[in-house]
Amino acid sequence: MAADANATGVDERRSSARQTQSDDVDAAESADDRLLEVENLRTVFHTERETIRAVDGVSFGIEEGETLGLVGESGSGKSVTARSIMGLVDDPGELLPGSSVRFDGRELTDLTEKGYESVRGSGIAMVFQDPLSTLNPVYTVGNQIEEALSLHRGLSGIDATEKAIELLEDVGIPDAARRVSEYPHEFSGGMRQRAVIAMALACDPDVLVCDEPTTALDVTIQAQILELLSDLQAEHGLSILFITHDMGVIAEVADRVAVMYAGEIVEQAPVVELYENPRHPYTRGLLRSIPSTQQGAERLETIAGEVPTPNKAATDCRFAPRCPEAFDACEEVHPVPVPVEEGAEDHTAACLLYPEDEPRKAAVDRHAAAGDEDSPESAGSTGGDSR
Amino acid sequence: MSQQPERGDTGLAGLDCAPGETLLSVRDLRTYYESGDLIGGQPVKAVDGVSFDVKKGETIGVVGESGCGKTTLGRTLVRLEAATGGEVRVGSDDVTELSGEDLKAWRRNAQVVFQDPESSLNDRMTIGEIIREPLDVHDWGTPAERRARVRDLLEKVGLQEEHYYRYPHQFSGGQRQRIGIARALALEPEFVVLDEPVSALDVSVQAQILNLLMDLQDELGLTYLFIAHDLSVVRHICDRVAVMYLGNVMELGPTDELFEDPANPYTRALLSAVPEPDPTAEIDRMTLRGTPPSPRDPPEGCAFSTRCPVKIRPDGSDEVDESTWEAVEVFRETLRARSRTERSLSERARELIGLETRFATVDEVVGELFTDRDIPVSVKEPVDQAADLAREGDEDAALEHLKGELGSVCDHESPEDHAVGTEGRESRCHRHAAEYEEPSAVGPSVGGED
């Protein structure tokens, strides 16, 4: 089939781009050769009434030069995942014991605030959704980039200014020599986001965490920023964690995609595979409810109900109440990510329907067994579940 | 379409036309916001000469980027903003001039659903009170009838009767938008302006609301003006679409035709910028340079001329290569950005006594853009003179000079609406005139030709 051939072509291109495995990674310490490895991340927020499990057992990794798309609806925990990686979770939030974020083989979750500062910026940098709230309105754009340069690279004075101008030019800001002494309010939305990206790049990071970087922008400006990010990635060999709710943007930027629902990753696959062959009922519903993919359809398909707020350790499938394919076991067994079929190690789904080629009963038992291994620890560590 | 329900007298003769007839006829509508400065300030030309018809029972979409005037247009149609010029005809009445009982009748029949369900509902009123408020204001029926009507509306938009006594914070975004819709429908309007009604919602909830809106239109024979920046939503729900840019309607036509074979360069660029939810899609993207100009100071010629990828070149410029032209356009864009920047008092003082300011870097700009280029003298001279003017701090004069020497019809004359495509489609671009090549002939191909 023509479409298939096309898909493989793209796949090859993508994977060959990814073959630049790093030798710098300290292989002895790192479980495998991924630059950023998140394992069993659980971030909870304690409120008076309950404990919100915003991120509940999320695991993924990003290789060098790769873009991982993290997609989900509001409240699914994507932004909290990003903030957890950056060490930006404050009281009343905390990372539960057992959560692990490894960067370049180094565990970040037990770093002190001081230790984290050296990672932020120079190792992992973050671009937030709203550039206006990232930039300080009372300092010039140049000041703010220079601040990052002096903190992490020890540059100051004219050197820092020159470097700042160079960075602004790199991110495509025209007339950078004048722009560097302007204030954020004098920049347009797209220019501000460019300035924020320049700031993030100031310390030459290896990983860029982008949290909805184009959501506040118009489509023509969004196209400019996406183009810029992909140019910068090619130039600097950046790994990017790209968070968005827009399935169109994800299709364009990501090499692999992880779909989040209610604090968990429900499906993870290479981008072409995910769009052509979505397995988890939630991913399917999500893709079907996008207007442009159903030209001529009279009515849009919807997913009934709304995203729940997880406040207890999961003992069932959190999507079951909205799932068109739910069966009895879905309310009793908490699914874990498993390969969708034998041999499909890079395509996982957390759903009792999978592995598809296993008898249903055996598949359910497999999920149940994996869940039991997990549960004593997670149940114990959620002491805050009381009202 | 189902039979129209009994509506009683709408109060304005023009509203009672049959489905498919012209309900609203907008002609050369202008809405300017005064700057508020004591001296001098230019008004913001939010809507700057817009003409189109709205047919009864249709959904007409208005798309465009932020600041293009689409929301102001919607607000002007329902008299939330006062028009500066032009007219909005309903039958023999002009909406912009209505007053007294007639205005009240129009307001009953023209309602708005706002974008942000967080801020458009009063947190201190119950859902019942919110939906009933328009009925109270317009003295609709008896109190008992009003309560019955509210319960009826709650059911219609998919909420439950017991929600009557709850408060907005107890509802999710999708449910709040349902409340906003119920409030807009309370007085049985003919015409509803939907101002980005699903932009704040997640995609699965968005689909629910779009379905609801389409069901209600079928049931009640409503006419929608659907304002959105999300093109896929517009494509799904609208019969016709108007594409706005800087207060102008650049292209207007039936949805499918406009999406599959866009005629205007701006429409083409806008459509090509939308990311497809298909990772294998091959997109021939036209990435636009820069940002839209300020609506305070729109370009004299075509509104899109500062960013247009297929702008017409002046006569006798055939020997100049493409990248040099691009450099000229970037230079002009840079000067425009500079002329917009407000100079602080100290900078003006420095300029007066001849000290160096941050605007003195124009030589760097020129150097970066034009060195290493083989520039014909017809381009070099105007650029050098403009650089001289800019160095003296007079960017406006520099821009005028460049426009005079290197500008084309796109810079000097406002384009007319040309009929394109098969039926009732118009595009505002000089390239549709017989003496130039069509935009599609020069730009990359876009649209649904796959």
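The model is predicted, so local features need pLDDT of at least 70 and side-chain atom pairs count only at pLDDT 80 or more, while totals for chains, interfaces and linings use all residues. Residues are numbered from 1 along each chain as its sequence is written, and chains are lettered from A and ligands numbered from 1 in the order in which they are written.

Helices here are DSSP runs of H or I with at least four residues, and strands are runs of E with at least two.

Now look at two helices of chain A. Helix α5 (residues 141-153) packs against helix α6 (residues 157-170) at about 115°, with the axes 9 Å apart. Axes are lines fitted to C-alpha atoms, for helices over the stretch in contact, and angles run from 0 to 180 degrees between N-to-C directions. α5(A) and α6(A) are therefore roughly perpendicular (65 to 115 degrees). Among the residues that meet are A:Ile145 and A:Leu149 of α5(A), and A:Ala164 and A:Leu167 of α6(A). Contact requires C-beta atoms, placed from the backbone, within 7 Å. By class, this contact has five nonpolar, three polar and two charged residues. Ala, Val, Leu, Ile, Met, Phe, Trp, Tyr, Cys and Pro count as nonpolar; Asp, Glu, Lys and Arg as charged; the others, Gly among them, as polar.

Move to chain B. Its domain assignment gives domain 1 (13-238) and domain 2 (322-407). Such bounds come from an automatic or database assignment. The C-alpha centres of the two domains lie 46 Å apart.

Helix α10 (residues 322-340) and helix α12 (residues 362-370) of chain B cross at roughly 160°, and their axes come within 10 Å. That makes α10(B) roughly antiparallel to α12(B) (over 145 degrees). B:Phe331 of α10(B) is one of the residues in this contact, and so is B:Leu369 of α12(B). The contact has six nonpolar residues, one polar and no charged.

Finally, the chains meet. Chain B gives 41 residues to the contact, and chain A gives 45. On the side of chain B, α6, α7, α9, α10 and α12 each supply at least two residues. The largest share, seven residues, comes from α6(B). This side has 17 nonpolar, 15 polar and nine charged residues.

Note on methods
Parallel < 35°, antiparallel > 145°, perpendicular 65-115°, else oblique. Contact = placed C-beta atoms within 7 Å.
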